[in-house]
Amino acid sequence: MKRTRNVKIVATLGPASETYETIRALHEAGADVFRLNMSHGSHEEIASKHKIIRQVEADLDSTIAILADLQGPKLRVGVFTNGSEELEEGAKFRLDLDPAEGNLDRVCLPHPEIFQALEPGASLLVNDGKIRLKVEDCGEDFANCVVTTGGTISNRKGVNVPDVILPLAALSEKDRADLEFVCELGVDWLALSFVQRAKDVFEARALADGRAAILSKIEKPAAVDNFAEILDASDGIMVARGDLGVELPVSHVPPIQKRLVRKSRAAAKPVIVATQMLESMIESPMPTRAEVSDVATAIYEGTDAIMLSAESAAGQYPIEAVQTMDKVATEVEQDPTYRDIIAASRSSKGDTIADGIVAAAREIAEKTEIKAICCFTQSGTTALLTARERPYVPILALTPLEKTARRLCLSWGCNCVITLKVDRFKGAVVSAARAARSGGFASETDQVVVTAGVPFNVPGTTNILRIAPCDERLIYNTDPE
């Protein structure tokens, strides 16, 4: 399905968007990737949504990516005798491993790993940071704290530990079961929660065993500190601003977002900006001006994708939320300032033949009447490198592999086309010309840039750039076999 914008839209599915009619309408409105949140819903419900997405894909003949978002370990306090207590600033409060019900003085924190990592002076955040505790004294099974920000603490509220790297794997037993289930189901991307270091990514990659690409969610200070190694180990990145804004001062999040987006782009790896982008549209058909500005800012920064969470999963206006994102993206990308910003932030990194080929393709397209850049790709790398260039003309990613085409749906500007295998260059050029014409990107009188690698169907061999006519008669008359 041809889009009028390059940035991609990720829509989370949930109770408000689980029927065929709604999922189809979301895709037609602009959703390029559907997110399945493994924190909610049974395997049967996840499988049902997956089946519907693939049916929509087949009915519309439009490639769609599916992202399964793993829950990650959840750290929570135990229960209270009274259900809740009111903690006052300056009061003493103890966390321990005692399973007895809590009171005004203490509560169970059934996670020995936390106590193993804590040190005096560390902070503990309860209920998304609404309550803040500072550790004064701690041991293997307790932490005596002082309340620095008071409030109501109640049963099973979440706990964040921002100051230390916890000796916890990013994958819980539930995550392992979910990972195996969705990989067998056939998702394209796995979003990994609770990432603290590259080791967490390696573990998920080994379990996925090539069945899905790995996208690391950056939601903890440790992940920000270790971002270079995490980026290197990952196939993509999600800037999960919600948890980042809990574990770090909220004023730190915008510059972190900007840095992570730029570094991900330089590495030619897709990056999603997520959380509360159009939060008010959960209940309102219209976003706030600040939300629209937030979405626009992420696009100006060069992100590959923007994401809807509860807005499309549980909100009253899921289709309108996607339409709003689509309109904002289209408007931003037509702004001359957007082009100036994108060009100024272009990275010159890369010294391979493929880097040179895609850079040349973008420059030729910008200086001539070229209508599209058509890149034949086996693994998706050439398309990702082309997307890193952020060319002014459409990118057609042509691949014989359905898996590669679906994964590329997350990448900036990639219009994914599944083609037959080709083993001669002339066949590749003809396929590119046909795809450009049939997709409405070019007419018979236009020209396109074609990039490919010889030998064909071998990953990492991009070594040819050809300016090709879209008129097949001219191709057959002029191109070598």
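Visitor: Hi! In strand 19, what is the bridge partner of Leu 396?
Guide: Hello! In this predicted model, Leu 396 has Asn 415 of strand 19 as its bridge partner.

Visitor: Nice. And how do strand 18 and strand 19 pair, parallel or antiparallel?
Guide: Strand 18, residues 395–399, pairs with strand 19 in the parallel sense, over five bridges.

Visitor: What sheet order do those strands belong to?
Guide: The order is 19-18-17-20-21, in an open sheet of five strands with mixed pairing. Strand 19 (414–418) and strand 21 (462–469) are at the edges, and each has a single partner strand, so one side of each has no neighbour in the sheet.

Visitor: What does the twist average from one strand to the next?
Guide: The average is 25°.

Visitor: Which strands does helix 14 lie across?
Guide: Helix 14, residues 353–367, lies across strand 17 (373–376), strand 20 (447–453) and strand 21. Relative to strand 21, helix 14 runs at about 20°.

Visitor: Switching topic, where is Glu 140?
Guide: Glu 140 is in the loop that links strand 8 (131–139) and strand 9 (142–149).

Visitor: Buried or exposed, and why?
Guide: Glu 140 counts as exposed because its relative accessibility is 70%, and the cut-off for exposed is over 50%.

Visitor: OK, which residues does Glu 140 touch?
Guide: Leaving out residues up to four places away in sequence, Glu 140 touches Leu 97 and Phe 115.

Visitor: And what separates the C-alpha atoms of Glu 140 and Phe 202?
Guide: Those C-alpha atoms are separated by 29 Å, with the two residues 62 apart along the chain.

How values were computed:
Residues are numbered from 1 along each chain as its sequence is written. This is a predicted model: local features need pLDDT of at least 70, side-chain atom pairs count only at pLDDT 80 or more; totals for chains, interfaces and linings use all residues. Side-chain values use heavy atoms; hydrogens and water are left out. Two strands pair if DSSP finds at least two bridges between them. Helices (H or I, at least four residues) and strands (E, at least two) are DSSP runs, numbered from the N terminus. Axes are lines fitted to C-alpha atoms, for helices over the stretch in contact, and angles run from 0 to 180 degrees between N-to-C directions. Contact means heavy atoms within 4.5 Å. Buried means under 20% relative accessible area, exposed over 50%, partly exposed in between (1.4 Å probe, protein chains only).
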